[in-house]
Amino acid sequence: MNNLKLVTPDFTSAQRSQKNPWLQDTRDAARERLRVLQLPTQKTEDWKYLKLEKLLANDQLDAQSMQELDSKSVEDIDELLAQSLISGLDAYRLVFVNGVFVSQLSQHDSNPYSVLFSAASKAQQQLIVDHLDTSHNYYHDYFSSLNSAQLEDGLLINIPKDCAVDKPFYIVNLTIGEQPKTSMMRLLIIAETGSKATIIEHEDAPLKHTGMVNTVIECFVNDHAHITHSRLQLDESVTSICSHRVRQSSHSTYQQHQISLASKLKRNDLTVALRGEYAHADIRGSFYGRHQQSIDNHTCMEHIVPNCTSNEVFRGLVDNQANAVFNGRIHIHPDAQKTLAELSNKNLLLSDFATINTKPELEIYADDVRCSHGATVGQIDSEALFYLQSRGVPKAEAKRLLSLAFIAEIVNQLTDDRVREFVSQRSSSLFATLQSEGAQ
Amino acid sequence: MLNIKNLKANVDGKEILKGLNIDVKPGEVHAIMGPNGSGKSTLSNVLAGRDKYEATAGTIMFEDKDLLALEPEDRAREGIFLAFQYPVEIPGVSNLEFLKTSLECLHAYQNKALLSAVEFLKLAREKCKLVDLHTDFLKRGVNEGFSGGEKKRNEIMQMLMLEPKLCLLDETDSGLDIDALNVVADGINTLRSPDRAFILITHYQRLLDYVQPDFVHVLSDGQIVKSGGSELALELEKKGYSWLESGTEQSANPVKV
């Protein structure tokens, strides 16, 4: 392992950016945590199915200081966007390139709800500092501490009380550049009491450039607030580690649809803490891995108070020699009586060499709850395959249709027609290669 | 059109068809009857090209093509249609999507002009009506949650859409009530034409009251043991199959027309 080029950041250096000094306390606290935390190994239960050190061998965990794009690059990227973004979507569009906000590519003129940390007012700065790193216990979390330790900027979405935002936020992060880039994304969502908003995140690498993104999302859904959050992770060439923590207050709903393509390494950690009664979380995800890719989804539903409900459905498709992990945990705390929690993970292995490790977990400390969890791993139904073939559909096309059908339950739940259409088309063209890949 | 000579076939290593001969010409309707385990479904599955069914000897020629050398999808594209005994449910693929893909695959192979979306939808609705299925079925998953009768009607609906040259119906009539049986029979009769042939595999005479066959064959222990006209079916209905098994009244040659 000595020849691995794994670079871990050194925070003792005085060269460190002091940008936005009001964030210094957050950075310092994270740096303090990193004195103890180390890169997880396979001995860490949560990471045991990934050979992390090997997978990250060519990545740099330290974010490079990002430079503004010149106008030529902006023009080039603008052309790319026309082909790679969801077309016809009426939204507040916020485009980041390698983690840096690019105003020229964004469309957010009349958007009073979101602001970059670097442009935040005094009051907003206070709001940010009060919320950052509070959604979760980050003392065990190496990668999000790394993100906080290098925090220079981020995006705040703050929906005012009782406000229903007129159109979705469309947050795009593109990885572009001949030289691999390491970027940090930071998103803070605060939905005030009674507010309502839709957020669509889209990660892509239209030129298949490589890089690494370390993302931290914190989402506070206050009383009676409703957030619909779609996450499209379509950057197959990018190593991505994402820590996503949601904190819900009473009568709030949080709905997530996650569509993920695996990459060399893609890891999502999602925790939803139901902290107010009658809160509801609905989490749906699908993932697809091929070649030698890895994808790892870890989710945890923390039922802390009584009368909350959560429903989680994940569907996985794994082809070639890809490796997928799903670990879904439902944790019912002693006070959380009358909880209703469901979790299901179904997987299809499309090749003899693909692997999936799935582990649904229930941890219940209350006695009056209804919980169910289940996981399955299977192959494409040969009867269905033959049925399609007997109607003149070639095997490859039949496999494509059946794969699409397998994730349809997730894709069809995407609430916006244009997003759904976009995802269907991307998946459809992606699965067209199933047969040729499988034949290898 | 279809010429089967001395066909032997195994399922899981066990010989089920033991030298079967049959000759089907365009425009003809053949009924194949026989007791349970005689090899009726094996025959239809071998013809459609299902994996586990392995032909070990003999030939199947379909319009001068060696059928056994073709993949299932290519057999369909050549014009063979199998109405399944147990139609498969495919949640997540809508009937409409399924039919459209299928029709496009066939038309592309047969160098026919592809239908526009509007034309296709019109055609699909029309055929739905013919088999008495509500057009809402088109939006649902393939056979998903369909009753037994609805599944069989859906098979006929697909047959009407795809207009095959040779239609194989594998016990399509079993488990149907009178209304559904009428629908199935009407579907077949609608499609009857001088250049299209049918093979009806059935246990009972019932379907043959509605669709009169040109030939009736009795399959027993993997061979055709008797062939005749439609009156043979009536005789079987009266006497059962047992009288055939005692005698070795085997027709050595395929039926000549």
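**Close-up views of cysteines and strands in a predicted model**

View 1. With a relative accessibility of 22%, A:C371 counts as partly exposed, a class lying between buried (under 20% relative accessible area) and exposed (over 50%), as computed with a 1.4 Å probe on protein chains only. The closest cysteine sulfur to that of A:C371 belongs to A:C308, and the 12 Å between them is too far for a bond. This is a predicted model, in which local features need pLDDT of at least 70 and side-chain atom pairs count only at pLDDT 80 or more, while totals for chains, interfaces and linings use all residues. Residues are numbered from 1 along each chain as its sequence is written, chains are lettered from A and ligands numbered from 1 in the order in which they are written, and side-chain values use heavy atoms, with hydrogens and water left out.

View 2. A:C163 is accordingly in no disulfide, and the nearest cysteine sulfur, that of A:C219, is 15 Å away. A:C163 is buried, its relative accessible area being 15%.

View 3. Strand β7 (residues 196-204) of chain A has 7 of its 9 residues buried, so it is largely enclosed by the rest of the structure; helices (H or I, at least four residues) and strands (E, at least two) are DSSP runs numbered from the N terminus. Strands pair if DSSP finds at least two bridges between them. Strand β5 (residues 169-174) of chain A pairs with β7(A) in the parallel sense over 6 bridges, and A:F169 stands opposite A:I199 in β7(A). Strand β9 (residues 226-233) of chain A and β7(A) also pair in the parallel sense, over 8 bridges, with A:E203 opposite A:Q233 in β9(A).

Notes
A disulfide is a pair of cysteine sulfur atoms within 2.5 Å.
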